[in-house]
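Colleague: I want to go through the labels on this model one by one. For each, tell me what it rests on.

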Amino acid sequence: MSGNPGKSVADYRLLARQYDHTTRRINRVRLDAIDALALRPGEVVLDVACGTGFSFAPILERIGPRGFLLAFDHSPDLLEVARSRIAAGGWSNVLLVEASAEAADFRAEIEQRRIARPAAALFSYVHDVMQSEAALDNLLGQLAPEARVAITGTRLWPRTWWPLCVPVNAYLYATHAQFITNRGENFHRPWAKLERHLVDFEVHARWPGWRYVARGQLRSAEPDGP
Ligand SMILES: C[S@@+](CC[C@H](N)C(=O)[O-])C[C@H]1O[C@@H](n2cnc3c(N)ncnc32)[C@H](O)[C@@H]1O
């Protein structure tokens, strides 16, 4: 089952202006995921479906002016906010592209700018992207061998937390209608498809149990791309 990109772009058109305010309660867990990447000065990082660019400043703080940030999203409305963030920050080491996760291609820019392939990739609240095998093949194929990957987002409460999981999961299902187009797929284990590409994979639940931070390292057998 794949997501519904048209619905996603339309939903985020309505959400764009208040997106940062609406999502303020997940700021802490998003920062925890960036910490899980263990970024070093000078590294190149891929921010997958970056939205309004909440993660830009904390990533850039960690990689410094010699580092480089590659980011994309398919929502022009969220990217408008992201662009104003870049302008306000005066950052020249960010490349922001409007593209789908299935088509985003940074290879030519990487070669032209003589930067390394991303040593780290952030998947922050990107459930739809993580359910698309085509997106994962495309994005992971552009990373450096053994790149570090961090994931954060919402997962349903485990069924073993019965009976409380019933109303909680109904609440999560309803409140994520505008943010995720394919809640029917892997909402209990959103990382399931991405995990297959990673080694040393670990998931840590965060309060109140429906947030998580996961991390792993790209399998060395992952194709390098052309
Ligand atoms: C909940 S937002 C998360 C944004 C950002 N990563 C964050 O942490 O705030 C989900 C994002 O995924 C983007 N998205 C969903 N499906 C996509 C796809 N197939 N290609 C590109 N972006 C996609 C949406 O436009 C939106 O920006």
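Colleague: What covers the buried residues of H4?

Modeller: The cover includes H3, S1, S2, helix H5 (76-89), strand S3 (94-98) and S4. The link used here is contact, meaning heavy atoms within 4.5 Å. Helices (H or I, at least four residues) and strands (E, at least two) are DSSP runs numbered from the N terminus. This is a predicted model, in which local features need pLDDT of at least 70 and side-chain atom pairs count only at pLDDT 80 or more, while totals for chains, interfaces and linings use all residues. Residues are numbered from 1 along each chain as its sequence is written, and side-chain values use heavy atoms, with hydrogens and water left out.

Colleague: Which residues of helix H4 are the buried ones?

Modeller: In H4, residues 56-63, they are Phe56, Pro58, Ile59, Leu60 and Ile63. Just after H4 comes Gly64, with a positive phi of about 70°.

Colleague: Why is Glu43 called buried?

Modeller: Buried means under 20% relative accessible area, exposed over 50%, and partly exposed in between (1.4 Å probe, protein chains only). Glu43 has 11%, so Glu43 is buried. Glu43 lies in the loop between helix H3 (27-36) and S1.

Colleague: What does Glu43 touch?

Modeller: Beyond four places in sequence, Glu43 touches Ala38, Ile63, Gly67, Phe68, Ala119 and Arg148.

Colleague: What makes the pair Glu43 and Arg148 a polar contact?

Modeller: A polar contact is a pair of N or O atoms within 3.5 Å; within protein, one must be able to donate a hydrogen and the other to accept it, and residues adjacent in sequence count only if both atoms are side-chain atoms. The side chains of Glu43 and Arg148 meet at 2.6 Å. The Glu43 side chain also reaches the backbone nitrogen of Arg40, at 2.9 Å.

Colleague: Why does Ala135 count as buried?

Modeller: Ala135 counts as buried because its relative accessibility is 0%. Ala135 sits in helix H8. Leaving out residues up to four places away in sequence, Ala135 touches Ala101, Glu102 and Val129.

Colleague: Is Glu146 buried, partly exposed or exposed, and why?

Modeller: Glu146 is partly exposed, because its relative accessible area is 43%. Glu146 lies in the loop between H8 and S5.

Colleague: How do you know which peptide bond form joins Trp162 and Pro163?

Modeller: Omega is about 5°, and the bond is cis. Pro163 lies in the loop between S5 and helix H9 (165-175). The bond from Trp207 to Pro208 is cis too, with omega near 0°. Pro208 is in the loop between S6 and S7.

Colleague: What makes up the largest nonpolar core?

Modeller: A nonpolar core is a set of buried Ala, Val, Leu, Ile, Met, Phe, Trp, Tyr and Cys residues joined through side-chain atoms within 4.5 Å. The largest one has 33 residues, and Leu46, Val48, Phe123, Ile151 and Leu194 have the most contacts inside it. H8 gives the most to this core, with 4 residues. A second, separate core has 24 residues, including Leu39, Val94, Ala120 and Ala150.

Colleague: Which residues come nearest to the ligand?

Modeller: Near means that a heavy atom of the residue lies within 4 Å. Of the 20 residues around the ligand, Tyr19, Arg30, Ala49, Asp73 and Ser124 come nearest.

Colleague: How far is an oxygen atom of the ligand from the side chain of Arg30?

Modeller: An N or O atom of the Arg30 side chain is 2.6 Å from a ligand oxygen. For the Tyr19 side chain the distance is 2.7 Å. For a polar side-chain atom of His74 the distance is 3.3 Å.

Colleague: How much of the ligand does the protein bury?

Modeller: Taken alone, the ligand exposes 590 Å², and the protein buries 95% of that. Accessible areas come from the Shrake-Rupley method with a 1.4 Å probe; for residues, only the protein chains shown count as cover.
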